[in-house]
Amino acid sequence: MSGRTPFEDLVAVMERLRGPGGCPWDREQTLSSLRTYLLEETYELLEAIDRGEPAPLKEELGDLLLEVVFLAQICREQGLFGVQDVAAGVRDKLVRRHPHVFSDAPAGSAGEAIRRWEEIKNQEKPPRPGASVLDGVPGQQPALMRAHRLSSKASLAGFDWKKLEDLFEKLAEELSEFRQAAAGGDRRAMEEELGDLLFVAANVGRFCGLDPELALQGANRKFTRRFQQVEEGLRSRGIPVGKASLEQMEELWAAAKSEEKEGG
């Protein structure tokens with residue numbers, strides 16, 4: 001494999017695995033069958049990013065790159081395109097959509113750069129008659145992430161809140177409507193109102209320049225960390241997990257919360 005870059009070596013290995021005399025499992029895979037592995041590797045990479053350790057991050061980046069090369073190899077076998085075409089396409093797109101970097105059209109802020117990206121994108125791919133500005137937001141995205149992207153797209157078209165206080169009022173309104181639905185015991189109405197409440201909460205984050213998906217992931221990690229400390233505290237007292245009173249768990253939760261604040 002001498003004389004080639006590591007990336008070229010990776011492509012050559014994948015060609016061998018998929019070729020005659022290659023691996024039976026690799027040869028059986030299709031674009032559809034690799035969907036699950038692509039998602040799995042993506043989530044494992046996200047976990048590695050959160051951990052912040054170089055070695056796992058490098059490994060998971062490699063695993064995700066493998067999936068890209070794997071998918072591109074299947075497309076090449078079908079006569080569609082190869083991985084070099086994929087790389088060339090995204091390279092050219094980056095250059096075209098960054099005129100403030102590769103030409104003489106300066107962008108004064110990140111927001112201006114994003115707006116210019118969308119303008120160039122629309123020039124490259126003129127919307128079809130009747131198209132929505134929301135087209136292009138994948139339906140497969142996690143719901144909170146999709147809420148963020150949908151509202152971001154709408155805001156670029158000028159459909160947005162004027163000030164944060166208006167969003168706070170809307171949040172209070174949706175919470176009130178959810179409480180009314182809950183009081184009535186109508187599960188369908190509760191689900192609808194809960195969705196509205198979460199959508200507005202995602203908008204609050206976006207309006208403040210925060211990613212609600214990342215914020216919720218942080219809250220999940222914090223809850224996990226504190227609850228595990230509660231479990232450790234119960235075990236140290238000889239109390240089986242699941243047999244403790246709510247008061248005992250709340251006491252340990254408060255201690256874990258206080259410990260975090262003192263340490264952080």
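These legends walk you through a few close-up views of a predicted model. Residues are numbered from 1 along each chain as its sequence is written, and side-chain values use heavy atoms, with hydrogens and water left out. Because the model is predicted, local features need pLDDT of at least 70 and side-chain atom pairs count only at pLDDT 80 or more, while totals for chains, interfaces and linings use all residues.

**View 1. Confidence along the chain.** The chain averages a pLDDT of 91 (pLDDT is the predictor's confidence in each residue, from 0 to 100). At least 70 is the score of 98% of the residues. Helices are DSSP runs (H or I, at least four residues), numbered from the N terminus.

**View 2. Ser151 in helix α8.** Ser151 sits in helix α8, which covers residues 143-156. With a relative accessible area of 4%, Ser151 is buried (buried means under 20% relative accessible area, exposed over 50%, partly exposed in between, with a 1.4 Å probe and protein chains only). Leaving out residues up to four places away in sequence, Ser151 touches Phe199, Asn203 and Arg206 (contact means heavy atoms within 4.5 Å). Other buried residues of α8 include Ala147, His148 and Leu150. The cover over the buried residues of α8 includes α7 (110-124), α10 (187-207) and α11 (212-236). Just after α8, look for Gly158, which takes a positive phi of about 95°.

**View 3. Glu41, a buried charge.** Glu41 belongs to helix α3 (residues 35-51). Glu41 is buried but has no salt bridge (a salt bridge is a side-chain nitrogen of Lys or Arg within 4 Å of a carboxyl oxygen of Asp or Glu). Arg51, the nearest side chain of opposite charge, is 11 Å away (Lys and Arg count as positive, Asp and Glu as negative; His and the chain ends are not counted). Beyond four places in sequence, Glu41 is in contact with Glu60, Asp63, Leu64 and Glu67.

**View 4. Arg221 and Asp50, a link across the chain.** The whole structure holds 17 salt bridges. In one of them, Arg221 pairs with Asp50, with their closest N and O atoms 3.1 Å apart. The two partners are 171 residues apart, Arg221 in helix α11 and Asp50 in helix α3. Arg221 is partly exposed at 40% relative accessibility, and Asp50 is partly exposed at 43%.

View 5. Glu174 is buried at 5%, whereas Lys170 is partly exposed at 23%.

How values were computed
Helices (H or I, at least four residues) and strands (E, at least two) are DSSP runs, numbered from the N terminus.
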